[in-house]
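This report describes selected local features of one protein model. Please consult the sequence and the structure shown below while reading.

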Amino acid sequence: MDDIKCGVDIDLQEFLNSGFHLKNHLADYLHLNTTELDKRLLSGSKDLAALHPGSVDPGKVISFYESEVGCAHLIELAAWHLGSADYIADTLRLQKLYSTGKVLDFGGGIGTHSLFAAALPEVEKVWYVDLNPSNREFVSSRANALGLSKKISIHRDLESTGEVLFDTIICLDVLEHLSDPSSQLLEFANRMTSEGTSLMNWYFFKGQDGEYPFHFDDPALVQKFFITLQAKFIEVFHPLLITTRAYKHFPQ
């Protein structure tokens with residue numbers, strides 16, 4: 001399961017060792033030395049949370065993530081991926097089980113899953129989508145550094161990907177940040193091939209002490225989400241003990 005022949009250093013063991021050379025890529029992109037980067041990584045989650053205004057108008061969520069979080073989001077995501085490598089490696093193992101053909105990585109962050117998918121021989125191309133321009137620029141630079149730029153297309157939103165139907169949709173740690181995640185599920189259902197698979201997770205919880213201020217947790221929103229999920233998708237069992245689930249489009 002772990003053997004990926006792609007000509008670049010991007011197998012699972014390399015992710016566990018370095019996050020696909022994440023710290024080197026980030027230090028180069030941010031023009032920081034190792035000491036400076038390590039200091040930023042230690043405070044990454046706190047620094048990002050400090051940008052939160054206390055409440056976000058649901059109608060302004062897009063502009064907030066696109067214009068205000070900036071490079072602080074890169075730092076926070078990098079800290080999470082490096083500090084939780086074992087868990088994220090399992091999401092990559094799951095991704096390897098199902099990724100094929102045309103792949104959408106929606107809300108792809110620092111690009112871990114896009115880069116891994118692009119290295120798989122079963123994958124034709126990856127469409128990486130993220131609102132944050134810093135994330136998009138960083139992932140483009142990572143793809144170039146790893147020799148994968150020809151297999152990754154960088155986009156701001158799903159609309160800009162055209163009319164592609166995807167064989168695999170990846171949406172990890174994103175849905176809880178959306179003011180209308182049910183609508184996003186409907187969009188995914190419309191953009192999947194008949195045999196396509198979606199890999200998704202969510203965490204509709206602000207935390208015991210508000211440590212996840214960027215998450216939506218309104219009970220009505222969550223209930224609508226699960227009603228939509230059950231109407232449009234059917235879960236496919238997988239043996240990995242992680243929060244990410246695999247889904248097929250439910251035939252109507």
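Which residue just after H9 takes a positive phi? Just after H9, Gly 147 takes a positive phi of about 70 degrees.

## Basis of the report

The model is predicted; local features need pLDDT of at least 70, side-chain atom pairs count only at pLDDT 80 or more, and totals for chains, interfaces and linings use all residues. Residues are numbered from 1 along each chain as its sequence is written, and side-chain values use heavy atoms, with hydrogens and water left out.

## Helix H9

Helices (H or I, at least four residues) and strands (E, at least two) are DSSP runs, numbered from the N terminus. H9 has 13 residues and spans 18 Å between its first and last C-alpha, close to the 18 Å expected at 1.5 Å a residue; the expected span is 1.5 Å times one less than the number of residues. At its start, the backbone nitrogen of Ser 134 has a side-chain oxygen of Asn 132 within 2.8 Å. This is a polar contact (a pair of N or O atoms within 3.5 Å, one able to donate a hydrogen and the other to accept it; residues adjacent in sequence count only if both atoms are side-chain atoms).

The buried residues of H9 are Ser 134, Asn 135, Arg 136, Phe 138, Val 139, Arg 142 and Ala 143. Buried means under 20% relative accessible area, exposed over 50% and partly exposed in between, with a 1.4 Å probe and protein chains only. The cover over these residues includes H2, H6, H8, S2 and S3.

## Packing of H6 on H9

The axes of H6 (residues 70-83) and H9 (residues 133-145) come within 7 Å and cross at roughly 55 degrees. H6 and H9 are therefore oblique to each other. Axes are lines fitted to C-alpha atoms over the stretch in contact, with angles from 0 to 180 degrees between N-to-C directions; under 35 degrees is roughly parallel, over 145 roughly antiparallel, 65 to 115 roughly perpendicular and the rest oblique.

From H6, the contact (heavy atoms within 4.5 Å) involves Gly 70, Cys 71, His 73, Leu 74 and Leu 77, and from H9 Ser 134, Asn 135 and Phe 138.

Thr 168 lies in strand S4 (residues 166-171) and is buried, with a relative accessible area of 0%. A polar atom of its side chain lies 3.1 Å from the backbone nitrogen of Thr 100.

Phe 20, in the loop between H1 and H2, has a positive phi of about 60 degrees although it is not a glycine. Phe 20 is buried, at 0% relative accessible area. His 31, in the loop between H2 and H3, also has a positive phi, near 60 degrees, but His 31 is exposed, at 71%.
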